[in-house]
Number of protein chains: 6
Amino acid sequence: MPEFSHFSPDGAVRMVDVGGKPSTRRLARAEGRVLMQPGTLRLIRDRSVVMGDVLETARLAGIMGAKQTSSLIPLCHSLLLESVSVRFSFPEEGLILVEAEVSAEGRTGVEMEALTAVSTACLTIYDMAKSADRGMEISGIRLLEKSGGRSGHYLRGSEKA
Amino acid sequence: MPEFSHFSPDGAVRMVDVGGKPSTRRLARAEGRVLMQPGTLRLIRDRSVVMGDVLETARLAGIMGAKQTSSLIPLCHSLLLESVSVRFSFPEEGLILVEAEVSAEGRTGVEMEALTAVSTACLTIYDMAKSADRGMEISGIRLLEKSGGRSGHYLRGSEKA
Amino acid sequence: MPEFSHFSPDGAVRMVDVGGKPSTRRLARAEGRVLMQPGTLRLIRDRSVVMGDVLETARLAGIMGAKQTSSLIPLCHSLLLESVSVRFSFPEEGLILVEAEVSAEGRTGVEMEALTAVSTACLTIYDMAKSADRGMEISGIRLLEKSGGRSGHYLRGSEKA
Amino acid sequence: MPEFSHFSPDGAVRMVDVGGKPSTRRLARAEGRVLMQPGTLRLIRDRSVVMGDVLETARLAGIMGAKQTSSLIPLCHSLLLESVSVRFSFPEEGLILVEAEVSAEGRTGVEMEALTAVSTACLTIYDMAKSADRGMEISGIRLLEKSGGRSGHYLRGSEKA
Amino acid sequence: MPEFSHFSPDGAVRMVDVGGKPSTRRLARAEGRVLMQPGTLRLIRDRSVVMGDVLETARLAGIMGAKQTSSLIPLCHSLLLESVSVRFSFPEEGLILVEAEVSAEGRTGVEMEALTAVSTACLTIYDMAKSADRGMEISGIRLLEKSGGRSGHYLRGSEKA
Amino acid sequence: MPEFSHFSPDGAVRMVDVGGKPSTRRLARAEGRVLMQPGTLRLIRDRSVVMGDVLETARLAGIMGAKQTSSLIPLCHSLLLESVSVRFSFPEEGLILVEAEVSAEGRTGVEMEALTAVSTACLTIYDMAKSADRGMEISGIRLLEKSGGRSGHYLRGSEKA
């Protein structure tokens, strides 16, 4: 049966001891979506050709957010991130797909850092465009891939249900 | 036509000047969802009766996250929050609904604080339960209500499309 | 019967709503003690005449710590502090008495800021002197005085037990 | 004669160079006390059976505080903590005993992290219960044990006075 | 004779009490320069037409840095900034001129916020371009204008020397 | 031709991947200047013999600022600093020369940490003395030396122009 690792045997929350785990290269990819009116997306994409840019602001916010993960998520270990990148694509009308990739060498995985990068980038898109479209929705934040830990390689969609 | 306020007339991003706006009481409510396997939700709800608690950890992370909003979202103004609360409910199998409510007196709205509270609480639920269920998804993060600003009262669903 | 204010009627922790409270001038004073071997205190006091200084470092740490109170104490409101000062005295052999005074205009008191200033200053004294005396003890951290709130003027020792 | 390590030969404070020290597994345990009226402790313990919880909030604050140690204590080195846990016990009427344990692999000890965890947890108990009992006192914050460094194993009470 | 305000009468540093000062609208402008090889500046300006951008990154870093001023500068008061903007110009070969403007309503001036915005933007330009030109120099960081405080309007160059 | 490393092949900013670089001992030295009226410098130097001290405050701010580098500079990697020191000298009338030295073992250099230490110390001198001399100027912030990375040893002045 699955277990939660952030609890001690007596049931108290703790930052779980990773001292016995080997330090290995960790990688995680995560994605999220911002749904908006088609006209809002056009405004955002049009701005990309001028000086100030919604998506570049969101990209930097995502990268900087990843570095703050352990101070936002209470039981998350600190890690020295070795790379963070955030990408945007537009697979449908009125939809921005945000994807983040993070790597580090350490004793814990970096999925929370990838998810925090995605989440912060999505919130920043909302902030930048909210004066035009208050009804935007952030959706589909999830882990795509994770490697380097004891639990093996995780690739969304390939797991046995 | 809608406009983005975080840009100066020459197109550069800026923290927009709110000095001319009156200081009024602001309120915002936002929500988000964490989708998981029904067994994971049962594990989380079962823990709530013992000492350590996934949802209480997520609630505190959401409240503390709201206070960090202006350092996470690049162009967001700092505000002195007057109240923050985070609630959980379970409207369906395998679904935690997170709702946050924030208020402050100030020259800008608190919707980013409410959305950041929701988002941080959802990420913390993921972190606490990920050893049991790596496939969880965070979804439906959106503003429910906002009042106190020049743009009037916003209530999701009541706006003209 | 006394009540805890950081809980909502349904029992969940929250940042309590202070929106209905008037904004008044708040003041708090708190103290703490660091107990050490008499020789350690002599070393600290001797250093005060040269360039680097244990107590000046602790004083600055206390002042800066006061400004971080709301990010350290989960349900504490943010406030714009108007003054912070930290004083040291040596009432006995092997004892440093730390006293902090904080003021602000706001809707909540500043006792947590004064206590955090004291606590951070005491920890910094420990850090600076620990290579000489690992057995130091921090003690007697308590509120001395508080004024400006609805609960009236509090002066330690003058309350009816 | 004992010496303070946070000073350069010319007397200026500095973050002491630990580059020549080996990276080893470090552990530290520290404790602190919160003294209160017996009725206040009963209120706190009674709350533990409901949803919101003074001690769980303090525990999380202690764990998160440990991660902020190097930004609070001016000359403290940053470390990647591998585990943090905070425990509470009630050895006497009107007394909460807080104990924290921290470990990391690194070139400096983790005693400041353990002491900061204890100190932040104690302050949070004060904050949560202060509306019921303003006269609480934080006391007896001290190092219990430390291992892994060049100075050998320290266990309070076993040192030669 | 001029006096330093960050000291108490007994000579200790403190966060000076601004409680007696009126809350007024404050404004400050500051500037700084980054000197580099002409080829480096051409590379930076060329990048401005593509997706990633040295100057946009520096602008956001400056805006976000302004919000962190009171946690960086030990005795600086916290303020709720109402606007922050950062501009770049290129008055000479191999020179980027950075100018920041900050406003707030409060009891202290915002010159440290404007200077911190400039300084952080300059450091970020250095960071972004250092792989091409390690010899860059940051220079001429100074206050241009300040208004809203008791000391009256300050405009650099207009004061009597 | 020189290249900027903080961009991905498609032109987006990113935190560049240092995972393939060896972890080596890094060192950097940087300097900066604060220019002021001769009388202001005399005031600052006179204060150094009493309890509160402009330069000791600036030194601590520089050391603490170095530890915040990766949260201030958007694409900067986090590092565990092994030593930070800040020195002051007075080579001319009305001039404080600030020099910082930083070391760490890691996959990226520490020049941004040394430059941030210098920059924060200079800003703090400005803050502490600004009530006496608003016209001070921060100048000459630059890297003096850097060693430990793949790009070899850098010593300002020794490079071929």
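Visitor: How many residues does the contact take from chain B and from chain A?
Guide: The model is predicted: local features need pLDDT of at least 70, side-chain atom pairs count only at pLDDT 80 or more, and totals for chains, interfaces and linings use all residues. Residues are numbered from 1 along each chain as its sequence is written. Contact means heavy atoms within 4.5 Å. On that rule, chain B gives 57 residues and chain A gives 57 residues.

Visitor: Which three residues supply 15% of the area that chain B buries against chain A?
Guide: Buried area is the accessible area (1.4 Å probe) that two parts lose on being put together, summed over both. Between them, chain B and chain A bury about 4700 Å², with 67% on carbon and sulfur atoms. Of chain B's part, 15% comes from three residues, more than from any other three: B:Phe4, B:Leu123 and B:Arg134.

Visitor: How far apart are the closest N and O atoms of A:Arg142 and B:Glu137?
Guide: A salt bridge puts a side-chain nitrogen of Lys or Arg within 4 Å of a carboxyl oxygen of Asp or Glu. The count between chain B and chain A is four. A:Arg142 and B:Glu137 form a salt bridge, with their closest N and O atoms apart by 3.4 Å.

Visitor: Which helix supplies the largest share of the lining of the second largest cavity?
Guide: Lining residues have an atom within 4 Å of a cavity point, on a 1 Å grid over the protein atoms alone, where a 1.4 Å probe fits but cannot get out. Among them are A:Leu72, B:Leu72 and B:Thr116. Helices are DSSP runs (H or I, at least four residues), numbered from the N terminus. The largest share, four residues, comes from H4(B).

Note on methods
Chains lettered and ligands numbered in written order. Heavy atoms only, no water. 1 Å grid on protein atoms, 1.4 Å probe; cavity = no way out; pocket = protein on both sides within 12 Å on 5 of 7 lines; lining within 4 Å. Helix = DSSP H or I, 4+ residues; strand = E, 2+ residues; numbered from the N terminus.
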